[in-house]
Protein chains: 2
Amino acid sequence: MPRLAIIGLGLIGGSLGLAIKRAQLENLEIVGYDAERGVVGRARKMGAVDSAARRATSAVEGAAAVIIATPVLQVAKVLEEIAPALEDGAVVSDTASTKREVVRWAGELLPDTVDFVGGHPIAGKEQSGIEAADASLFEGRPWALTPTAATSERAIKTIENLVTVVGARPVLIDAEEHDSYLAAVSHLPALLSTVLFSLASQSQAWPELASLAGPGFRDATRLASGSPAMSHDISLTNRENLLHWLDRFSEELGRFRNLIEEGEERGDLYKAFLKAQTTRDAFLLELPSHAGPEKKVDIMSAGEQMLSLMVGEYLVRRTKEIGELLERRAADDDGDASRSPKGR
Amino acid sequence: MPRLAIIGLGLIGGSLGLAIKRAQLENLEIVGYDAERGVVGRARKMGAVDSAARRATSAVEGAAAVIIATPVLQVAKVLEEIAPALEDGAVVSDTASTKREVVRWAGELLPDTVDFVGGHPIAGKEQSGIEAADASLFEGRPWALTPTAATSERAIKTIENLVTVVGARPVLIDAEEHDSYLAAVSHLPALLSTVLFSLASQSQAWPELASLAGPGFRDATRLASGSPAMSHDISLTNRENLLHWLDRFSEELGRFRNLIEEGEERGDLYKAFLKAQTTRDAFLLELPSHAGPEKKVDIMSAGEQMLSLMVGEYLVRRTKEIGELLERRAADDDGDASRSPKGR
């Protein structure tokens, strides 16, 4: 039975397992591993994985596909650790929020006998950890895939199908571009959210502020509740892009500061608020086309295709092995025959 | 029948009307007015008001309580316009997001024969306008009330009861303090949200950014969809506090910028993210006690009390008028008697 390994069973890894199980693909075994004690057991009880591995290396043994769902900086360590244990022809992917460094690490650390496809599901929620895992987390969400020129078509297709099976929409994109864009729409917003919450909660008036905080404050600071390890790793692996957008944000904040100081009634400040509102309304109206898959995709056929792609390389290898075995046997037979007492 | 007037039927005014109607108070008529053509008709069809006035002045005629639910800068204009038409003893309140200027205007523009209690429901949503009105908008939310030393107990109690009837929790607070605190937890977050959306949407890469934007970006920029008039008016009527918090935010952003540049693995940057996350988790855990009323309140009795407080002054005045009328009649009778042909 083809085997899929998930290394790292937090919100993303756990949700991935649940979403694949929900698709009810036959003939697929999901093996899970998590470095934190007890997590893989909880994942198995929740039905996110079929079996629990005690080491990352034993999880990937015999696995046709491996998904690494850890914070970014852990990905390098996992790649290094599993590299010697990976099957020939295995397809490896990840779910980390930054892609340039991950793709570089994979190029350096993985053997040529496997394929790597960088991946990033653009989905999430306030909570982290296996307890927050949710089979519908990826539904209608974009899932960025960052293959390089060296990545095989089969590997890309395998991961595209996996992404489709869990309800997401694969988006092929260059790793550098991915990191630049995500800095603007994900990493900077998360940082601003943390800075705002940090500022308010360090104020002497925090008890009063907290009691008067409305849903607006809650939404604006939601990303401050994201995993600290994830935010930290993102900041370090996408530093240049993040600082670039941070500085552009400071400039734009300065522009609004001037407009507020000028304070002309129904002047440029009003126009700036009006423009942001109308542009965002247009953005929200277009969301349905962004959110859903552009064409109807047959999830079951994507699943079957994924499985056949996952096992394809094995069949080729096994056929070759069987061929070689038969050849050896034939040679042995010849030898045996020549030594046969009966003769020809 | 006691009459309540709502001037301004956007999200807040409309939701207020719907929430009061849902409480099914007997003997209360809600008269609505909105400066925008057609809005009051839609409010009546939605059941947010019982009757539609063609002018703000005619809406407040005979009204025991008046709620002004317009953007801040409009409140001054409405106060000026309705002042001559207000009944003696009427209780006037508002729902604007900043309170210092509003309280000052009320002191200058309203006659001494009425009471003003500044109010601010700390509730809202992305959409604005009567179409977005929602009877449950205020449920469990704080509703700041900013009476001055000159405000009568009866007026405070009337508005407190009204706020309780719609499911909110009245919070008595000084107007200056309110504006300072709200700058931190509401006005600054809304500004940051607008600045972030403005920055991203003006980028040349906006189509790509929009297609990769996840729920995090949507939440972080939600407040950019608020009413531009409201955001503009808030910025101008709470300028000093907003600029103060904006500058403190820039400092805190600079602190995080340095931590990212230093980029020590699992160092101070990680600690800063961790602290924000754990503090916010504690904040969310405490929310239930913030969100709900501290003690069980009997909504119906609050409603009856509100009505009796609303009509109380009238009864006193009517009794006085009836007394005067009777005295005049008695005097007339005496006169008549003295002129009676029958004599004594």
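This is a predicted model: local features need pLDDT of at least 70, side-chain atom pairs count only at pLDDT 80 or more; totals for chains, interfaces and linings use all residues.

Student: Why are α11(A) and α11(B) called roughly antiparallel?

Tutor: Look at the angle: the two helices, each covering residues 239–262 of its chain, pack at about 165°, with axes 11 Å apart. Angles over 145 degrees count as roughly antiparallel, so that is the label for α11(A) and α11(B).

Student: Which residues make that contact?

Tutor: On α11(A) they include Leu242(A), Leu246(A), Ser250(A) and Leu253(A), and on α11(B) they include Leu242(B), Leu246(B), Ser250(B) and Leu253(B). By class, this contact has 10 nonpolar, 2 polar and 6 charged residues.

Student: α11(A) also meets α7(B). What makes that pair oblique?

Tutor: Their axes come within 9 Å and cross at roughly 120°. Roughly perpendicular runs from 65 to 115 degrees and roughly antiparallel needs over 145, so α11(A) ends up oblique to α7(B). This crossing is right-handed. Among the residues in contact are Phe249(A) and Phe256(A) of α11(A), along with Leu191(B) and Val195(B) of α7(B). The classes here are 7 nonpolar, 1 polar and 2 charged.

Student: How many residues of the two chains are in contact overall?

Tutor: There are 75 residues of chain A in contact with 75 residues of chain B. On chain A's side, α7(A) gives the most, with 18 residues. That side divides into 43 nonpolar, 20 polar and 12 charged residues.

Student: How do you know that the span of α6(B) is close to the expected one?

Tutor: α6(B) covers residues 153–165, which is 13 residues. Expected span is 1.5 Å times one less than the number of residues, and that comes to 18 Å for α6(B).

Student: Why are some residues of α6(B) called buried?

Tutor: A residue is buried if 20 or more other C-beta atoms lie within 10 Å of its own. Ala155(B), Ile159(B), Leu162(B) and Val163(B) are among those that qualify in α6(B). Glu160(B) and Asn161(B) are buried too.

Student: What follows α6(B)?

Tutor: Gly167(B), whose phi is positive, near 95°.

Terms used. Residues are numbered from 1 along each chain as its sequence is written. Chains are lettered from A and ligands numbered from 1 in the order in which they are written. Axes are lines fitted to C-alpha atoms, for helices over the stretch in contact, and angles run from 0 to 180 degrees between N-to-C directions. Helices (H or I, at least four residues) and strands (E, at least two) are DSSP runs, numbered from the N terminus. Angles under 35 degrees count as roughly parallel, over 145 as roughly antiparallel, 65 to 115 as roughly perpendicular and the rest as oblique. Two residues are in contact if their C-beta atoms, placed from the backbone, lie within 7 Å. Ala, Val, Leu, Ile, Met, Phe, Trp, Tyr, Cys and Pro count as nonpolar, Asp, Glu, Lys and Arg as charged, and the others, Gly among them, as polar. A residue is buried if 20 or more other C-beta atoms lie within 10 Å of its own, exposed if 12 or fewer, and partly exposed in between; C-beta atoms are placed from the backbone. A crossing is left-handed if the near helix is turned anticlockwise from the far one by less than a right angle, and right-handed if clockwise.
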